[in-house]
Amino acid sequence: MAWLPGLAPALGSADGHDGSGDRWMTPPIYLDAIVDTLGDRWIDPCADPASPISARASAVLDIRNGDDGLAGAWPDGPAFVNPPY
């Protein structure tokens with residue numbers, strides 16, 4: 001498996017998630033690598049208003065706002081989706 005530069009998973013997650021619930025966000029320490037790789041114009045198709053990653057994306061899809069990333073069209077550009085931790 002190939003990883004984006006600077007995004008290979010480390011042993012032990014630094015995201016602070018306690019293992020409960022379904023809100024798993026990309027740790028903010030990866031934001032610079034995401035922007036360096038994708039540039040300033042990219043979509044977060046699994047956005048969460050509490051995520052610093054979603055806040056930096058140029059476009060977001062949020063199911064809580066009625067967005068349906070499976071049925072609707074995505075904006076042009078690359079996409080970043082949180083890898084599993």
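Author: The accessible surface of the protein chain is about 5700 Å², and carbon and sulfur atoms hold 57% of that area. Such areas come from the Shrake-Rupley method with a 1.4 Å probe, and for residues only the protein chains shown count as cover. The model is a predicted one, in which local features need pLDDT of at least 70 and side-chain atom pairs count only at pLDDT 80 or more, while totals for chains, interfaces and linings use all residues. Residues are numbered from 1 along each chain as its sequence is written, and side-chain values use heavy atoms, with hydrogens and water left out.

Of the 85 residues in the chain, 27% count as buried. Buried means under 20% relative accessible area, exposed means over 50%, and partly exposed lies in between (1.4 Å probe, protein chains only). The chain has 2 helices and 2 strands, in the order α-β-α-β from the N terminus. Helices (H or I, at least four residues) and strands (E, at least two) are DSSP runs, numbered from the N terminus.

Now the pocket. Rolling a probe the size of a water molecule over the atoms shows where empty space is left. On a 1 Å grid over the protein atoms alone, a pocket is an open set of points with protein on both sides within 12 Å along at least five of seven lines, whereas in a cavity a 1.4 Å probe fits but cannot get out.

The lining of the largest pocket consists of 25 residues, where a lining residue has an atom within 4 Å of a point. Nearest the centre lie Pro45, Cys46, Ala47, Asp48 and Arg64. By class, the lining has 12 nonpolar, 5 polar and 8 charged residues. Ala, Val, Leu, Ile, Met, Phe, Trp, Tyr, Cys and Pro count as nonpolar, Asp, Glu, Lys and Arg as charged, and the others, Gly among them, as polar.

Take Asp48 from that list. Asp48 sits in the loop between β1 (43-44) and α2 (52-56). Asp48 counts as buried because its relative accessible area is 8%. Beyond residues up to four places away in sequence, Asp48 touches Arg23, Met25, Ser54 and Arg64; a contact means heavy atoms within 4.5 Å.

Pro49 belongs to the loop between β1 and α2 as well. Its relative accessible area is 68%, so Pro49 is exposed. With neighbours within four places left aside, Pro49 is in contact with Asp62 and Arg64.

Ala79 and Pro45 are 34 residues apart along the chain, with 6.9 Å between their C-alpha atoms. The contacts of Ala79 outside four places in sequence are Leu38, Ile43, Pro45 and Trp74. Ala79 counts as partly exposed because its relative accessibility is 36%.

Phe80 also lies in the segment after β2. At 6% relative accessible area, Phe80 is therefore buried. Its C-alpha atom is 6.4 Å from that of Ile43, which is 37 residues away along the chain.

Phe80 is part of the largest nonpolar core, together with Tyr30, Leu31, Ile34, Val35, Leu38, Trp42, Ile53 and Ala57. Helix α1 (residues 31-38) gives the most to this core, with 4 residues. A nonpolar core is a set of buried Ala, Val, Leu, Ile, Met, Phe, Trp, Tyr and Cys residues joined through side-chain atoms within 4.5 Å. The buried residues of α1 pack against α2.
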